[in-house]
Amino acid sequence: LDDGLLSVYAVAAVSRSALVAAALRTLVARQRMHRDFALDRPARTVVVAGPGKRLEMALDGERVTFDLPLTIRICPGALKVVAPAASG
């Protein structure tokens with residue numbers, strides 16, 4: 001985020017059981033990037049398109065629906081973080 005870039009990962013087309021296994025590997029930081037992901041690159045803007053007019057997905061654990069095409073864009077510096085001063 002400090003560089004003004006999104007980290008984009010697209011899951012490879014796999015079976016449901018392989019998808020669950022890939023998710024579990026990612027949770028424990030043991031993903032196989034070349035096998036589990038079809039895309040892994042930084043971007044400032046991502047456009048998601050598909051065969052339908054809408055995309056249903058989970059966002060922060062909530063089910064949401066977006067109209068397609070969906071444009072995801074980073075806004076560098078938009079998030080303000082308040083943290084205690086470093087000690088020592």
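The legends below describe close-up views of a predicted model. Residues are numbered from 1 along each chain as its sequence is written, and side-chain values use heavy atoms, with hydrogens and water left out. Because the model is predicted, local features need pLDDT of at least 70 and side-chain atom pairs count only at pLDDT 80 or more, while totals for chains, interfaces and linings use all residues.

**View 1. Confidence along the chain.** The mean pLDDT (the predictor's confidence in each residue, from 0 to 100) of the chain is 82, and 89% of its residues reach 70 or more. Confidence is highest in strand 5 (residues 62–67), at a mean of 93, and lowest in helix 2 (residues 33–36), at 68. Helices (H or I, at least four residues) and strands (E, at least two) are DSSP runs numbered from the N terminus. Where pLDDT is low, the predicted coordinates should not be read in detail.

**View 2. The largest pocket.** About 500 Å³ of space lies in the largest pocket. Of its 13 lining residues, V48, M57, A58, L59 and I72 are the closest to the pocket centre. Strand 1 (6–11), strand 3 (45–48), strand 4 (54–59) and strand 6 (70–73) each give two or more residues to this lining; strand 4 gives the most, with five. A pocket is an open set of points on a 1 Å grid over the protein atoms alone, where a 1.4 Å probe fits, with protein on both sides within 12 Å along at least five of seven lines; lining residues have an atom within 4 Å of a point. Grid points are joined across faces, edges and corners, and the volume is the space filled by probe spheres set on the points.

**View 3. Helix 1 and the residue after it.** Helix 1 (residues 16–27) has 12 residues and should span 16 Å at 1.5 Å a residue; its end C-alpha atoms are 17 Å apart, which agrees. The expected span is 1.5 Å times one less than the number of residues. A29, with a positive phi near 55°, follows helix 1.

**View 4. Salt bridges.** Two salt bridges are counted, each a side-chain nitrogen of Lys or Arg within 4 Å of a carboxyl oxygen of Asp or Glu. In one, the closest N and O atoms of D67 and R54 are 3.1 Å apart. D67 lies in strand 5 and R54 in strand 4, so the pair ties together parts that are 13 residues apart in sequence. D67 is partly exposed at 49% relative accessibility, and R54 is exposed at 58% (buried means under 20% relative accessible area, exposed over 50%, partly exposed in between, with a 1.4 Å probe and protein chains only). E56 forms a salt bridge with R63, the closest N and O atoms being 3.1 Å apart; R63 is exposed, at 69%.
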